[in-house]
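Subject: Structure for you to look at

Hello,

Here is the structure I promised. Please open it before you read on.

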Amino acid sequence: MKIGDIARAAGVTTSRIRFYEKRGIIAPAVRGPNGYRDYPEELIAILRFIEQA
C-alpha cells in the first residue's frame, strides 16, 4: 500500500509514518521501481498500536 493509503487507514499523517521510519520505530518500506514507498497492510494495526501507546 502507498503511504497515503496506510496513513488514512491508520488515522495518522504521512509525515508521522516517515518520522517513525526514520527513528527505527517501524521497518523501512520497500521502494518500488517508481521510488514510491510500498507498505504492508499489517502496518495499519502496528501504527494504531503505536498511537495508543
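Below are the overall fold and the salt bridges.

This is a predicted model: local features need pLDDT of at least 70, side-chain atom pairs count only at pLDDT 80 or more, and totals for chains, interfaces and linings use all residues. Residues are numbered from 1 along each chain as its sequence is written, and side-chain values use heavy atoms, leaving out hydrogens and water.

The fold
The protein chain has three helices and two strands. Helices (H or I, at least four residues) and strands (E, at least two) are DSSP runs, numbered from the N terminus. From that end, the order is α-α-β-β-α. Buried residues (under 20% relative accessible area; exposed is over 50%, partly exposed in between; 1.4 Å probe, protein chains only) make up 28% of the 53 residues.

The salt bridges
The structure holds three salt bridges. Each is a side-chain nitrogen of Lys or Arg within 4 Å of a carboxyl oxygen of Asp or Glu.

- Arg-8 meets Asp-5 at 2.8 Å, N to O. They sit three residues apart in helix α1 (residues 3-10), so about one helical turn separates them. Arg-8 is exposed at 63%; Asp-5 is partly exposed at 34%.
- Glu-51 meets Arg-16 at 3.0 Å, N to O. This pair links helix α3 (residues 43-52) to helix α2 (residues 14-23), 35 residues apart.
- Arg-37 pairs with Glu-21, with the closest N and O atoms 3.5 Å apart. Here strand β2 (residues 37-38) is linked to helix α2, 16 residues apart. Arg-37 is partly exposed at 22%, whereas Glu-21 is buried at 15%.

Best wishes
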